[in-house]
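Biologist: I would like to go through this structure with you. Shall we take the sheet, the helices and then the ligand?

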Amino acid sequence: MARLTQQQLNKISKTFEERTPDDLLRWAKDIFGDRASAISAMQQSGSVMCHMISRLKLDIPVLFVDTGVMFQETLDTRDRMNSEYGLNVRTLHPELTMQEQTEQLGVLYLTVEGQEECCHKRKVEPLLKAKGEFDALIGSLRRADGGRRGVCPILAIDLEMNTVRINPMANFTDEQLAAYLEEHDVIVNPLHKQGFSTIGCNRCTTPVLSHEVKRAGRWRHLGTAAAYCGINPTDIGDGSEDAIDLPQDLIDRILGQKTDFMI
Ligand code: SF4
């Protein structure tokens, strides 16, 4: 094993700025093969990413974390991704049901500290069950969503999962997203048309008003203190000092330092 740092990734990430999501998804499959997985919460950006994976026939599995308190519309969207796009969506679950958690720990999501603990138990820990299976996790973060996402890199280190995070849609604008949704008639979580600009757990997500920022409906009851759940590391830190362990030959391929061909 060898070390791959965020600084090394930044150099290659900068050269990816002009590349399309299709290109970057193909790159991910080419470099990581079966060690790449996507991750989606079944919101509209994730639906577009899932559609791209299906359209390009990349055979990349999709991880979905079901916190046990998802909206039924979100679960239905996941099921449609499986059946209509032929995707392999794998659902990860927390250890405890929300009822068991509440009996043991109280209603965590009603305080800022409790929200962090709840999100860690119900989102981050389930994802960690897949640790070791993948070297790359492909997400659908977009800079157009603003906030911390406004500066999300195309390639990032995920220290906890020991993977590279790939955001092929980082530069996909709202207009491009809308055009793609319409052109391909993409399956979308119906809650988006009911005023939800982003969609998480049913305990902590509300619709937003037209003058509000997109994430105003997340943890509204906690004010602006809690804006992200922590399942995406770049939402909660810049990771500039982070490094992960990967095989040297894989690092060489990621950084374009070696060509895989036989003479
Ligand atoms: S969004 Fe709310 S209910 Fe869902 S895991 Fe986080 S704190 Fe818990």
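Modeller: Strand S5 (residues 136–138) and strand S7 (residues 163–166) pair in the parallel sense over three bridges. Strands pair if DSSP finds at least two bridges between them. Helices (H or I, at least four residues) and strands (E, at least two) are DSSP runs, numbered from the N terminus. This is a predicted model: local features need pLDDT of at least 70, side-chain atom pairs count only at pLDDT 80 or more, and totals for chains, interfaces and linings use all residues. Residues are numbered from 1 along each chain as its sequence is written.

Biologist: Which residue in S7 is the bridge partner of Ile 138?

Modeller: Look at the pairing of S5 with S7. The bridge partner of Ile 138 there is Ile 166.

Biologist: Which are the edge strands of the sheet?

Modeller: The sheet is open, with six strands and mixed pairing, in the order S4-S3-S2-S5-S7-S6. An edge strand pairs on one side only; here these are S4 (89–92) and S6 (155–158).

Biologist: What angle does the direction of helix H1 make with that of S6?

Modeller: H1 (residues 6–15) packs on the sheet and touches S6 and S7. Axes are lines fitted to C-alpha atoms, for helices over the stretch in contact, and angles run from 0 to 180 degrees between N-to-C directions. For H1 and S6, the angle is about 160 degrees.

Biologist: Are H3 and H4 roughly parallel or roughly antiparallel?

Modeller: The axes of H3 (residues 44–55) and H4 (residues 72–85) come within 11 Å and cross at roughly 15 degrees. Angles under 35 degrees count as roughly parallel, over 145 as roughly antiparallel, 65 to 115 as roughly perpendicular and the rest as oblique. So H3 and H4 are roughly parallel.

Biologist: Which residues of H7 meet H3?

Modeller: The axes of H3 and H7 (residues 174–184) come within 11 Å and cross at roughly 55 degrees. The two helices are therefore oblique to each other. Contact needs C-beta atoms, placed from the backbone, within 7 Å. Gln 44, Ser 45, Val 48 and His 51 in H3 meet, in H7, Leu 177, Tyr 180, Leu 181 and His 184.

Biologist: Which residues come nearest to the ligand?

Modeller: A residue is near a molecule if its C-beta atom, placed from the backbone, lies within 6 Å of it. There are 13 residues around the ligand. Those that come nearest are Tyr 109, Cys 118, Cys 119, Cys 201 and Cys 204.

Terms used: Two residues are in contact if their C-beta atoms, placed from the backbone, lie within 7 Å.
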